[in-house]
Amino acid sequence: MKRILGIAILSVLMACNQSERKTAETKDSIQAYTLSKSQVIIKDAKKLDIFNRYEDLKNALVKSDSSEAQKAAEKLEKSLALYEGCESTASIAKKISETNNIVFQRKNFTTLSMDLIAFIKSGEVEKGIIYVQHCPMANKGDGGDWLSTEKEIKNPYYGDEMLECGRVVEEIKGK
């Protein structure tokens, strides 16, 4: 009887520990996914999440996929809303998520990118390089900047029309 009681208690304790372990494994899985996705590590996990969601939006615009851009912008808006001080930037992401007009999405992407370039520069990049890229022809010749984990230019303002238009203007490097 004591042995059965001991096994029952041990089983309960093991189940609780499994739950904690699963929570830790889930967090580790999310972190591993995040790291494998961007090859960039930013000290603040929330900033890293925001950056990765921004990358999803940028990549959707590169593909000229307005539907995917809407979904990516919606996720980005939610991440930004959770970060104190990013409410106005979240509202820009929301504008992008509320339309399937690629021209309107790209126009708002310019303002969003300006905010996020400053935001990412204020964070601590621990590993990798984030490239600030510029297309002088975007926005009717006013130009437009964006962030990328790749040095190769893939222009979100024109997609296939002018995929390689632009240049790297700055590198935000890990320490």
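Student: Does E55 count as buried or exposed?

Tutor: Start with the scale: buried means under 20% relative accessible area, exposed means over 50%, and partly exposed lies in between, using a 1.4 Å probe and protein chains only. E55 has a relative accessibility of 8%, so E55 counts as buried. Keep in mind that this is a predicted model, where local features need pLDDT of at least 70 and side-chain atom pairs count only at pLDDT 80 or more, while totals for chains, interfaces and linings use all residues. Residues are numbered from 1 along each chain as its sequence is written, and side-chain values use heavy atoms, with hydrogens and water left out.

Student: How many of the residues of the protein chain count as buried?

Tutor: The chain has 175 residues, and 38% of them count as buried.

Student: How many helices and strands are there in the protein chain?

Tutor: Helices (H or I, at least four residues) and strands (E, at least two) are DSSP runs, numbered from the N terminus. This chain has five helices and five strands. Along the sequence their pattern is α-β-α-α-α-α-β-β-β-β.

Student: Which residue forms a salt bridge with E55?

Tutor: A salt bridge is a side-chain nitrogen of Lys or Arg within 4 Å of a carboxyl oxygen of Asp or Glu. The partner of E55 is K58, and their closest N and O atoms are 3.6 Å apart. K58 and E55 are three residues apart in helix α2, which means that about one helical turn separates them. K58 is buried too, with a relative accessible area of 3%.

Student: What else is K58 in contact with, leaving aside its neighbours within four places in sequence?

Tutor: Contact means heavy atoms within 4.5 Å. By that rule, and with those neighbours set aside, K58 is in contact with F109, W146, L147, S148 and P156. For S148 there is also a polar contact, side chain to side chain, at 3.4 Å. A polar contact is a pair of N or O atoms within 3.5 Å; within protein, one must be able to donate a hydrogen and the other to accept it, and residues adjacent in sequence count only if both atoms are side-chain atoms.

Student: How many salt bridges does a search of the whole structure find?

Tutor: The search finds seven. R53 is partly exposed at 25% relative accessibility, and D49 is partly exposed at 26%. A further salt bridge links K154 and E150, again with closest N and O atoms 3.3 Å apart. K154 is partly exposed, with a relative accessible area of 28%, and E150 is partly exposed at 33%.

Student: What is the phi of S64?

Tutor: Most residues other than glycine have a negative phi, and most peptide bonds are trans. S64 is not a glycine, yet its phi is positive, about 55°. S64 lies in the loop between α2 and α3, the latter being residues 66–81. At 37% relative accessibility, S64 counts as partly exposed. K140, which is not a glycine, also has a positive phi of about 55°. K140 is in the loop between β3 (129–135) and β4 (144–148), and at 86% relative accessibility K140 counts as exposed.

Student: Which residues line the second largest pocket?

Tutor: On a 1 Å grid over the protein atoms alone, a pocket is an open set of points where a 1.4 Å probe fits, with protein on both sides within 12 Å along at least five of seven lines; lining residues have an atom within 4 Å of a point. Here the lining is I102, V103, R106, K107, A138, N139, K140, Y157, Y158 and E161. The volume of this pocket, the space filled by probe spheres set on points joined across faces, edges and corners, is about 300 Å³.

Student: How many residues of each class are in that lining?

Tutor: Ala, Val, Leu, Ile, Met, Phe, Trp, Tyr, Cys and Pro count as nonpolar, Asp, Glu, Lys and Arg as charged, and the others, Gly among them, as polar. The lining of the second largest pocket has five nonpolar, one polar and four charged residues.
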